[in-house]
Every structure is written in C-alpha cells, then in structure tokens.
Amino acid sequence: MEPRVGPAPDAAPQVRPYHHPAAGWGAAKSVTRVLVEERELVDGPRAIMRMNHENGGFDCPGCAWPDDTKGLRLDICENGIKHVTWEMTRKRVDRAFFAAHSVTELAGWSDYDLENQGRLTEPMAYDPESDHYVPISWKEAFEVVGAALRGLDDPNRASFYTSGRLGNEATFLYQLMARELGTNNLPDCSNMCHEASGRALQAALGTGKGTVDLKDWESADALFILGVNAASNAPRMLTALAEAERRGAQIVHVNPLVEAAATRTIVPHEFLDMALFKSTRTSTLNLQPRIGGDMALLRGMAKAVLEQSASDPKALDATFVERHTAGFEEYRALCAATPWEELERQSGLSRADILRAARVYTEADRSIVSWCLGLTQHEHGVDTVREIVNLLLLRGNIGREGAGPSPVRGHSNVQGNRTCGIDHRPTEAFLDRLADACGIDPPREHGLDTVRTIQAMRDGEVKVFVAMGGNFALAAPDTAATYAALRSCDLTVQVSTKLNRSHVVHGRAALILPCLGRTEKDHQRKGVQRTSVEDSMSMVHLSLGMKRPASPHLLSEPAIVAGMARAALPDSETPWDWYIEDYDRIRDTMAVALDGFEDFNRRVRLPLGFRIKQPARELVFLTPSGRAEFSTAALPDVVPEPGTLALGTMRSHDQWNTTIYSDDDRYRGVRNLRTLVFMNRADMRERGIADMGAVDITSTAKDGSHRYLKGYTAVPYDIPRGCAAGYMPEMNVLCALGDYSTQSDQPIMKHVKVTIVPAAGC
C-alpha cells in the first residue's frame, strides 16, 4: 500500500463545537468503524463479551482503571475496544514487507501508517549495508543482545526501559536481569507521567500510591477530578461519575479545558439510556484554572476551610489532625499568610470560584481527590500533589471509606511495573528482599531515569538500550535530542507488537523482537499461561489471552526476557528456563521478594484478584514522624510573562499514548487535523491571529535555547487567557530535554513556555 502521510488530500480540516454527551452513540459509531476497518466484525464483538477473563467479561489491556466490583461483564469503553482490535488486526508485517521497504523509506512514513501495517511476525535485525531489516533467528537475536551486554566495560552502559503494557511476571524477570547484570538503569514511562505523584505521596503518607479503591468511589459524597480528561484517558471512570451523580454526590472538575467527560454521558452498557438517548450529568461544578494554577486553587480551598473553622469547628477534623498528622500549625500559618489576591492571580480563578469549591468540600462527609498528568507534568508537580494531601488531611479524608487520594494512572500495568521492581531509585529494603529471594547481589547506587538515559545515550555513556514495549522515540521529550541519542547507541532493542517510530530511529545495530499481545494465548511447556497486572487502585488480577497468536514465531514477554538473560548471563544460577515453563514459579519467587505479594498464586486466583495492602489506608504512616506530613511549599509563580503563553501537551480522543487511530478528536470537535494549537480567542486577536489561521510556535527552554513548530493551525477554544494546548507526540519537540522538574525529574510537558505568531508569509 502507498503510505498516507497526514490527512487524505480530500479530507479538509473541520472544527465544530461538540455538544453531545460523552460515550453513548458517538462511541458506538466509532467502535463500529474500527471493527469494520480491522475486519473484526465477528471476533471483535466476541472479545467484548469474553476477553482475558476465564469466566467471561472484558479485562482491558488499555488503561489502568479497575475492573467493576459488581462483576459487570460489559465494563468496557470505546478506547479499550480500539486497543484490542488494533492488536487483533489481520494485517501482518513480515519479512516480505521489510524486503520491500528500506528503513530510509519507512522513516518518511507517518506514525499512523507505520502502526497500521499490522502485527510484527518474526525477529528482525537491521542490515546497514542494505538499509533493510532482515530476518534473524531467536537464538541469534538473543546472542546479539548477550554479546553486546557481556562486552560492556561497565553494566551501567546499558539501560532497560519499560512501558506500562508489560505484565508483572515479565517485569519482575526484567528488573532481575538488569540487577543481576549490575545496574539500576531501569527508566520507565512513570518517569514521564506520575513520578511526581509517587514522590509526593511517599513523602506525605509513606506510600507511593493512592489509598482508595473503586468501592470508595461508589460511596464518596464529593469527587474532585483535577487535570484529567476522563472520556479519553480513563473512559470507564464515566460509569463511576454517572453513578455518583445519581446518588447525589457532588462532582467538581478542575481543568483549563472543559472536557466532554465534565458535562454529560450516556454509559454504553446501560442499554435503556442508550435507546432513549438519556444522558446523565457528570459534574456539578467546572473550574478552569490557568495552566499550573491548581496548587493555588488547592491552597485557597484549604485557606477557606481553616477560616470557616474559626466559626464552625466541624469544618476542621481537629481530632484527626492532632492524632495522625505532623506540621499542621506551620501549614495553618502559611495559609493565613497567603493573600487571597495572590491565590486569585496564580490560580486564574476568582475568590468566589475557590470558595464555591471549598463549600462542596466542607459540606461533604467523605471526599476523594483524583488527578492525572495535568497536575504532575510541571516543575512544581510534587508540591501540588502534596497540597492535595494537605487538603484531605484537614478533614480526615484519609484512611476511611469513600475518602482519600486517587491518582489516575495511564497504561494498564504502569503501577504494577513500579511495584514489581522497575525503579531506578530502589529502596534498600526492596534490594535486601530481592537478594534473599533470588540469590543475587543487586547494585545499590541509583540508576538512570528516562531523561538521564537520553542524556547518557547522547553523550556516549550508554551504549545499549533495550525497550520492553512502548514507542520511546515518540513518547520522550525533545524529539530531535531523543532521536540523536538513540542513533548514538551501539545497539537498540525494541520488544514490540507493531511497527513504530522507534524501529526506524535506531542504533548502529538494531533488533526488533516481536512479542505476544495480551489478547493472545501464551503456550509454554506447562500449558497456557496467565499473567498478572495491577490497576491504578492496587488490585492485582490475572489476565488470560484468548486469541491464537498472530504468528507462530512470536514469543511471550517473559520468554524474551529470559532469552536475553541467558545470553547475557551465561553463568547465572537464576533458573530462567524453569521460570518460563510455568509462570506460577515466577509468582512463587515474587511472593518472597515483594512486600504485599505473600501467597501470590492463591490470592491472584480469587474473583477480581486481591488488593495490595496499603498501610496509610489503615492510618499507618511509614514516614519519619510516623504521621501524615503536612507540607509548607511556597506557591510557584505560574503567570506567563508578557507576550508568552503556557502550553500543555495532551492526547486527542482518537489516540492511545503514541498510537494514533485517526486525525480526529471527536470530543473537541476536530476532524482531519492534528497539527493545531488551541488558543483563547482574545490571545489570538491580540497577536493578529485569525480563526484557523496558520501560526509558528517557538518554545524557550530554561537554558534559553529555542525549538520550533511551523505552520500549525490556531483553533479558538474555551481555554483561559495566557494558555494554549496541542497534541503529543507532535508537540514533544517543544519540550527541551533539560526542561524537567527539579522535584520529580519529569519532563515539563504541561507547562512549556511558548510564543505564537502568525506563520511567516501569512
């Protein structure tokens, strides 16, 4: 096929306001289109009814939202079905495809067209003489990896990246291999999304995770949703929001853009509502702070609670604060000393708006605060998440039903990856248990995260880069710098299901190792194997593939890890082959090595699996003081300088991470266009920019350097003045590699300093 780069020539860009409920018939129509395009009109609907759960039901390999607690068999969403059918496609990328297309040619294809070629079928190695990928046996491929790793003069010259799709068993083996080699260079996608959440929660509560589960969502009196586009990023949250509204709970959405999920929804599995076009509200209040203004809003809500407590003692849970917290008086003084005028200026909201949100909070007996990347991808992301905890502590909204912090994770097992050892900053306690359970001597010094791995590859310090899943070349910041870093490696290894940009931006030597998808049967010596994952609320459950593999030459992710480990560690006493015969054996070792995984094999087979213990939920705080810690960080100045805008990158609706299904964004009313920037109309007029006019975007990094995007389309949108937004991964080029948070080391992709002007010549 001839690749399409960008929209088809006859597909004119369109932008029209979207006024319909989220999900509902729009989602049904979109799903039908995907099933038709992927020619899965029979197997697709069958997968919806029975995918990865032995007794029926849909275990989504997409987002990390928990499975329905009531055993709902149609707990599905549009994006989950897209994810599954995208993996189930009948299209194949085989040796004939690679023989027909050079890497130079493929590098000119769009990202959509690369992935749209279908499933990878056998291992391939890059041949520099012909500029083609050529077939290689699994044995030879593993020896290439092993020889490269054995040949390093320092194990820290290798780095092992992980995306959130990797199951727990493969994750555990992967980190075990890296640490047995002698490195903690284990960057992962969390370094780019929720690192700030983990560090903040660990400091405040002694746990790097949220404390609530789905039952808490079902009993909360108030839900505060910050920096989350639920309809696209966690669509099954719409069910929880609709149920909350029906029982009379208050729902406050905080986001610079009022997204479709913050208006109305029709939940697809509620068939009567679908038939009657009956929608349910999903919010009682929408607030639009400026980009980065969430911390000022939260501080203002806390100030209001404390001021109200002077006349209404019930506004503050003084008993909880006294018994379970540290640092309260300092925090009270900080709130009192912060002027309302400064809170309004930094948040971009009026005092009346802040008090309205505070009133919802004080009138609710039990409140949950939930957030996503809209809060974390900032310089002050850790401080903002700690401000969430501060607010919750004031009214004792920790450690009881229907209350607590609830970060919204992205990919299905991104939280499980961290739990099972993917951490470049492992604790001594974790390493001690790993050493005892596995008989190795793991390295103790911290390793490289994502940003520092890119820097080290660029500088020639990291020679071998292995990626388990994901599309690193597109997901990382500063696209040009990331490309250069990958090309500087002696060897890059990509374990993938589909062709993507990271296969055509590669090291001097490169391997593509194709793996099974979560939807496919994993046959090993002891039978069909199950893998486990951990959702965003700490529930661990088994996933069982149901489909025939796309190719007989595919290996499972655990088997690929074991193959690399055998080749790289020929004298290892770790029983890699024995583990792969039966994944229960891996889980038995994990039960010894990982806190909270005791009796793993029995508990994971319980209905819905098991929940990892959360000491903070039981009011046990593993902090230096033994109490929940208030923080007293100063408010950051997030008001843009004159002439500049704060730009945040985000996903379109028809997209999952770096996988782009189409050039449409239904919930924002966009068709056939991705190279756009959403702007406040007044900001556009001030700059002489016409509606749908062509613009040039320039970002300014902390070091004063600039990055550019030319000829984008300016779309007027309901967004606060001084703010702009556009799509990742295209806009990742604007975020400099050195522009990462000093608090979390996360790239600051939600707060890029830009200037936008009419395009040259326009």
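**View 1. A network of salt bridges.** Asp188, Glu195, Arg199, Arg418, Asp449, Arg452 and Asp745 are linked in a network of salt bridges. A salt bridge is a side-chain nitrogen of Lys or Arg within 4 Å of a carboxyl oxygen of Asp or Glu. The structure holds 51 salt bridges. This is a predicted model: local features need pLDDT of at least 70, side-chain atom pairs count only at pLDDT 80 or more, and totals for chains, interfaces and linings use all residues. Residues are numbered from 1 along each chain as its sequence is written, and side-chain values use heavy atoms, with hydrogens and water left out.

**View 2. The pair Glu520 and Arg119.** Their side chains meet in a salt bridge (2.9 Å, N to O). Glu520 lies in the loop between strands E20 (509–514) and E21 (523–524), and Arg119 in strand E6 (residues 119–120), so the pair ties together parts 401 residues apart in sequence. Helices (H or I, at least four residues) and strands (E, at least two) are DSSP runs, numbered from the N terminus. Both Glu520 and Arg119 are buried. Buried means under 20% relative accessible area, exposed over 50%, partly exposed in between (1.4 Å probe, protein chains only).

**View 3. The pair Glu557 and Arg165.** Here too the side chains meet in a salt bridge (3.0 Å, N to O). Glu557 lies in helix H27 (residues 557–568) and Arg165 in the loop between E9 and helix H8 (168–181), so parts 392 residues apart in sequence are tied together. Glu557 is buried, with a relative accessible area of 10%. Arg165 is buried as well, at 13%.

**View 4. Ala203 and its contacts.** Ala203 is found in helix H9 (residues 195–205). Its relative accessible area is 33%, so Ala203 counts as partly exposed. Ala203 touches Arg386, Thr623 and Glu629, not counting residues up to four places away in sequence. Contact means heavy atoms within 4.5 Å. The C-alpha atoms of Ala203 and Val382 are separated by 9.5 Å, yet these residues are 179 residues apart along the chain.

**View 5. An open sheet of six strands.** The order is E8-E7-E20-E19-E18-E9, and the pairing is mixed. Two strands pair if DSSP finds at least two bridges between them. Strands E8 (132–135) and E9 (158–162) are the edges, each pairing on one side only. Strands E18 (residues 464–468) and E19 (residues 491–496) run parallel, joined by five bridges. In E19, Leu491 is the bridge partner of Val464.
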